[in-house]
Amino acid sequence: MQASRPSAWRGKMPVEFLYTAGAAGERFFQTLRRRGQFEVTRCDECNLTYFPPRIYCERCFADLSATWKEAPLTGRVHTFTVVHADGLGRPLPVPEVVAYVRIDGTDGGLVARLLKVAPGDVQLEMPVTAVLAPSRRRRGNLADLLGFAPAR
């Protein structure tokens, strides 16, 4: 077999779509917007606390719709990267830190910016707290979470 050069098609492809967060995502984002609080669902059978929440357990397919509870706005840095360029490859004026934060008391987490910390000061397992947009500016989407800042 002979290797061939990959081919590429250059141009624009018009794509239209409507993203929906689903029932669990909608409730999660509305709770974040209205109360400034994270919510989770829990499968006692599998001993899993879903963050982000799910309506059904991914392992045993149990209905989790009656298992909602509040979760803390705190977590720990599980992994991170320092971003030096924007999505178009242009240098950022100041490097940004993006991290996967595992939310305390759950089996999940979120990818978000780390705020109020220099890239050289970030450590794995560093405790952080969610920083939310002011309540009047929240819209019920992921932008309501501005990022995470080191816990005091």
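Does Arg 113 count as buried, exposed or partly exposed, and at what relative accessibility? I looked it up: Arg 113 counts as partly exposed, at 44% relative accessibility. I noted the cut-offs: buried means under 20% relative accessible area, exposed means over 50%, and partly exposed lies in between (1.4 Å probe, protein chains only).

**Ground rules**

I am working with a predicted model, in which local features need pLDDT of at least 70, side-chain atom pairs count only at pLDDT 80 or more, and totals for chains, interfaces and linings use all residues. Residues are numbered from 1 along each chain as its sequence is written, and side-chain values use heavy atoms, with hydrogens and water left out.

**Salt bridges**

I looked up the salt bridges and found seven in the structure. A salt bridge here is a side-chain nitrogen of Lys or Arg within 4 Å of a carboxyl oxygen of Asp or Glu. One of them joins Glu 96 to Arg 113, with the closest N and O atoms 2.7 Å apart. This pair links distant parts of the chain, since Glu 96 is in strand S5 (residues 91-103) and Arg 113 in strand S6, 17 residues apart. Helices (H or I, at least four residues) and strands (E, at least two) are DSSP runs, numbered from the N terminus. Glu 96 counts as partly exposed at 27% relative accessibility.

I then turned to Arg 35, which is partly exposed with a relative accessible area of 48%. Its side chain meets that of Glu 39 in a salt bridge of 3.9 Å, N to O. Glu 39 is buried, at 4%. Arg 35 also forms a salt bridge with Glu 70, where the closest N and O atoms are 2.9 Å apart. Glu 70 lies in strand S3 and Arg 35 in helix H1, so this pair ties together parts 35 residues apart in sequence. Glu 70 is partly exposed, at 47%.

**Aromatic rings**

I found four aromatic pairs in the structure. Rings of Phe, Tyr and Trp (its six-membered ring) pair if their centres lie within 6.5 Å; planes under 30 degrees apart count as stacked, over 60 as edge-to-face and the rest as tilted. The ring centres of Phe 28 and Phe 38 are 5.9 Å apart and the planes are at 15°, so I wrote this pair down as stacked. Phe 28 lies in helix H1 (residues 22-35) and Phe 38 in strand S1 (residues 38-43), so the pair ties together parts ten residues apart in sequence. Phe 28 is buried at 4% relative accessibility, and Phe 38 is buried at 0%. Ring pairs link Phe 28, Phe 29, Phe 38 and Phe 51 into a cluster.

**Backbone**

I checked the backbone next. Most residues other than glycine have a negative phi, and most peptide bonds are trans. Phe 51 and Pro 52 are joined by a cis peptide bond, with omega about -5°. Pro 52 is in the loop between strand S2 (48-50) and strand S3 (69-71). Phe 61 has a positive phi of about 65° although it is not a glycine. Phe 61 also sits in the loop between S2 and S3, and is exposed at 62%. Lys 116 has a positive phi near 60° and is exposed at 67% relative accessibility.
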